[in-house]
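Biologist: I would like to work through a model with you, feature by feature. Please give the general idea each time, then the case at hand.

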Amino acid sequence: MTALSRTRYFLDFAVSSLLRRRWRTLSLILVYSCIVALLGSVLLFGTALRREAATQLSTGPDIVVQSMIMGRHDMLRAADLDALRGLRGLRRGEARLWGYLYDSSAAANYTLMANADTAPGEALVGEGVARARKLEPGKLLFLVSPAGKFLKVRVKSVIAPKSALISSDLVLLNEADLRAFFSVAPDLYTDLALFVANPREVATIAQKGAIRLPGRRFVTREDLTRSYESLFSWREGLVLVILAGAVIAFAIFAFDKASGLSSEERREIGILKAVGWDTSHIIAQKLIEGGLVSGTSFLIGFILAYAHVFLFRAVLFEPVLTGWSTLYPRFRLTQEIDGLQVTSLALLTILPYVAAILVPVWRTASADPDEVMR
Amino acid sequence: MIELCAVTKTYNAGRPNEVVALGATDLTISDKALTVFAGPSGSGKTTLITIVGCLARPTSGRVVLNGEAVSGLPQRFLTEVRRRTFGFVFQRFNLVRGISAIENVMLPAYPIGTPHARLKTRAMELLSSFGMAHRAHFNVEILSGGEVQRVAIARALVNDPEVIIADEPTASLDGERVAHFLAIAADLKARGKTVIVTSHDPRVTGAATVDRLVTLADGRPADATP
Amino acid sequence: MIAHPPVLALVLASTLSALVMVPTFVFALRLLARWDPSSGNEEQLKLEKTTYLVSTLVAFVAVVELASLAAFAFNADRMAVLFVGAMCAVGTLNASSYGFPTLVAKIAVFFAAFVWLVLDRTDNKGRDYPFILQKYWGILLLALLVVLDAALQLAYFLDLKASTITSCCGKLFGDAGLGAGAELAGIEPRLALVLLFGGLAITIALSFGTARSRLMGRLLGLASPAMFAIAIAGVISVISVHVYEQPHHHCPFCLLKREYGFFGFLLYIPLFAATGSGMAAGLLSALPARQSLSDVLPPLLGRLSILTISGFALFGGLSLWKIMASRLTLM
Ligand SMILES: Nc1ncnc2c1ncn2[C@@H]1O[C@H](COP(=O)(O)OP(=O)(O)O)[C@@H](O)[C@H]1O
Ligand SMILES: [Mg+2]
């Protein structure tokens, strides 16, 4: 009971002590929240992108089959799909035709893909493409192939950004248009997409398929998830390592604030010790102050990060994390917060702060109580 | 009763700026009396009362408080003994700025965790007894010198200590306030408190209410009137 | 190394803890050599002042280690997508030979810090520094553990490579598998339950005697870590399968997932608290009796044993409830 009311007194005193040094507290909270907001944005954005990719992959094929020549990607034939028909557990397979086109006028890469539902002379475009070329339904889109061929198509609609991360740079065309544009022989395809009835059998089917089609690469969705995951983790980690400099600078700032006490503050602590506060009481009170500052800054920083990533679409990171700069999707990321991200953020920001102030706090708290007599 | 046996205090021992602030001192301070430590500036008065009041530990020797040797106690117990037994009025009164008078009075009781309502009532009673009730919620920075002194004395009394220690309490006061301070000291003594005051102010050392005058010279009691 | 943000956070946490413990270790050596409470000289005063810093630092390390223990388990679960064959934390931990040793080291650090803090609080209640030397011998041990933990964890994360082929809980704890995990999973459910509830009964009985008998206290100190091991074995062999309602899913980590209502937390928090306080009570009973603590120790042991009793009872009760309520019947 007394321990509880003692803690309350320390808490009250900590609040009043922070308010008495309003400007210092505010400047500390300002810097601290910026650090939390910066790192928090990276973490939240990373999580959201990963989710975005997972959503995209979950609607995609279970297995993608590619032809390989000398370790490089090559075109497949329709016969390859026939060879796989009849594999037990295979629900559906389709041969896909798609490729990349660099558009020098918009300085952007498009993904051109054949689509069965698109009529000749028509196109569906991704949101990024529409933005880069100022397109809207009914307008004309001109494309120039590397070989100098022209293609003129009418935009039928802009693809709804369900999973904008991957569809943003997409242009869906009629198959015949696409073949003519790239001069691809009628029998050639980019890859095969296989759909499997039972997800547990994916690995088995990929193995069996590889026996039927030697020299082809079978990429399962799990492989893709894994490579996406490590891609994101790497980039995110890289950014965090770069931000380590900011965190260290912040820790030094905090250390400096905590050790460079004004003479008024020193006097105050001397008085408290002389009237009967123990070193441990001062430490407790100072750590409560640190806790209040950390809690407030973490909350503010986290809200800022959340707003930045989810309301303002992480505008500050577009070029860094995704890699497509022009066609970077203007979509709202699915909002998600998870405990591990919050804990990581807390460890990455609060921990350096507390570690930086521990020794200065102790040094302050162990001032000799007889000092005020001098 | 406070007994000091062969107590010494050396600052910066072993370094060129070594100071023996207190030579071997034996002293007994009796209860419920007004004791004054006199002596010129630098004679060791403050050093002596920091040791008597458990604010500092002697370099050697023993301090015995009501039969318990306190000089060898761990710091946190020394603090506890100090909180329980002593109330301090400092030379410059040393109130915490930026908070109210009543909060200043309550400060020494925070580590004890006295329930808030009870502590507040007690602080208010003390302030009223010094005629300061109307100033209780004022920020201490706007109080006058005499008011600050009264708040400081109220703060010294909040944990109901047996011993009140005041270091040069009259150094910056005019004659009227010195008389007022001496009246308060006499009143505390009458209420059964032990009062220890350091002073080189003849208005205090020569006062009639002083029970015992210990004069220090160069870190030793030169003569002691019993 | 996989520079995943939680990994960076964990490495930062353990590195800071180790950095904090290294000077503390050096200070402990100095204190053990020079401590002299009868002296009032400046060196002794300085040693005494620094003990406040040490207490604060160890409390800091304990909090950090507790947070990182939880984050470590979750992160392992989250990283499972990176490894072929991994479905949960077990797969990730298994992806490097340093995985499980790191987990064990983290648990050990947590218990050591917990017990040390209880010892510190006790010592601070005695007027003659009753256990100061024991405390600082303890610091030497704790510092070594913290540094070991940091080193193991760093080795583990450096060793992890995306697309490592690993085996997950299905293999590790599979009935048909080999090794300690499979052995545990293969324990006859009836035997596991007898061991679990028998052990709980004995440990709780010992806790009831701890405040009165030093012998009981010492036995509790030995029984609680043993009980911790038995409890984990019980989770692997019977409790988990009843929670998942799948006779072959023996994983102690999947319990922490949202799919199972975070039941793992309900189960593990009381278990850790009970084990820690049981070990602390054991240590306090094993240390020499001190006059200066004669008023303080009995109520403290009382509180510790209440924590032990309620923690283990909660663990037992929750397990029993899950087994009864489960649609799976093995017996
Ligand atoms: N913290 C300290 N460090 C070094 N010397 C000190 C310290 N405190 C006091 N002294 C010295 O000890 C002597 C006694 O000082 P003090 O007790 O303050 O005397 P008084 O209160 O009678 O003026 C003086 O010479 C002073 O300079
Ligand atoms: Mg003086």
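Biologist: Where in chain A does A:Ser183 lie?

Modeller: A:Ser183 sits in the loop that runs between α6 (175-182) and β11 (188-189) of chain A. This is a predicted model, and every value here is computed from it.

Biologist: What is the phi of A:Ser183?

Modeller: Phi of A:Ser183 is near 55°, which is positive, in a residue other than glycine. B:Lys32 is another case: its phi is near 55°, and this residue is not glycine either. B:Lys32 belongs to the loop between β2 and β3 (34-38) of chain B.

Biologist: Is B:Lys32 buried or exposed?

Modeller: The general idea is to compare the relative accessible area with a cut-off: exposed means over 50%, buried under 20%. B:Lys32 has a relative accessible area of 56%, so B:Lys32 is exposed.

Biologist: Which residues of α4(B) are buried, and where do they fall around the axis?

Modeller: The buried ones are B:Leu119, B:Ala123, B:Leu126 and B:Leu127. Down the axis of α4(B), the buried residues fall within an arc of 100°, so they line one face of the helix. On the face turned away from that buried side are B:Ala117 and B:Arg118, both exposed.

Biologist: What covers the buried residues of α4(B)?

Modeller: The cover includes α3 (101-106) and α5 (145-157) of chain B, together with α1 (2-20) of chain A. After α4(B) comes B:Gly131, with a positive phi near 70°.

Biologist: How does α10 of chain C read by the span test?

Modeller: Helix α10(C), residues 263-286, has 24 residues and should span 34 Å at 1.5 Å a residue; the end C-alpha atoms are 35 Å apart, which agrees. As for burial, 17 of the 24 residues of α10(C) are buried, so the helix is mostly covered.

Biologist: Let us turn to the ligand. Which residues come nearest to ligand 1?

Modeller: For a site, list the surrounding residues and then look at their chains. Ligand 1 has 13 residues around it, and those that come nearest are A:Arg374, B:Gly42, B:Lys45, B:Thr46 and B:Thr47. The surrounding residues come from chains A and B, so the site is shared between chains.

Biologist: Which elements of chain B supply the shell around ligand 1?

Modeller: β2 (19-29) and α1 (45-52) of chain B each supply at least two residues. α1(B) gives the most, with 3 residues.

Biologist: Which backbone atoms lie by the oxygen atoms of ligand 1?

Modeller: A polar backbone atom of B:Gly42 is 2.7 Å from an oxygen atom of ligand 1. For B:Lys45, a backbone N or O atom lies 2.9 Å from a ligand oxygen, and for B:Ser43 the corresponding distance is 3.2 Å. The protein covers 68% of the 560 Å² of accessible area that ligand 1 has on its own.

Biologist: Next, side chains that reach backbone oxygens. What does the side chain of B:Thr79 reach?

Modeller: The side chain of B:Thr79 reaches the backbone oxygen of B:Gln75 at 2.8 Å. B:Thr79 lies in helix α2 (residues 75-85) of chain B and, at 3% relative accessibility, counts as buried. Leaving out residues up to four places away in sequence, B:Thr79 touches A:Gly276, A:Trp277 and A:Asp278.

Biologist: And what lies by the side chain of C:His242?

Modeller: A polar atom of that side chain is 2.8 Å from the backbone oxygen of C:Val238. C:His242 is in helix α9 (residues 214-244) of chain C and is buried, with a relative accessible area of 2%.

Methods. Residues are numbered from 1 along each chain as its sequence is written. Chains are lettered from A and ligands numbered from 1 in the order in which they are written. This is a predicted model: local features need pLDDT of at least 70, side-chain atom pairs count only at pLDDT 80 or more; totals for chains, interfaces and linings use all residues. Side-chain values use heavy atoms; hydrogens and water are left out. Buried means under 20% relative accessible area, exposed over 50%, partly exposed in between (1.4 Å probe, protein chains only). Helices (H or I, at least four residues) and strands (E, at least two) are DSSP runs, numbered from the N terminus. The arc is that of the directions from the helix axis to the C-beta atoms. Contact means heavy atoms within 4.5 Å. A residue is near a molecule or strand if one of its heavy atoms lies within 4 Å of it. A polar contact is a pair of N or O atoms within 3.5 Å; within protein, one must be able to donate a hydrogen and the other to accept it, and residues adjacent in sequence count only if both atoms are side-chain atoms. Accessible areas come from the Shrake-Rupley method with a 1.4 Å probe; for residues, only the protein chains shown count as cover. The expected span of a helix is 1.5 Å times one less than its number of residues.
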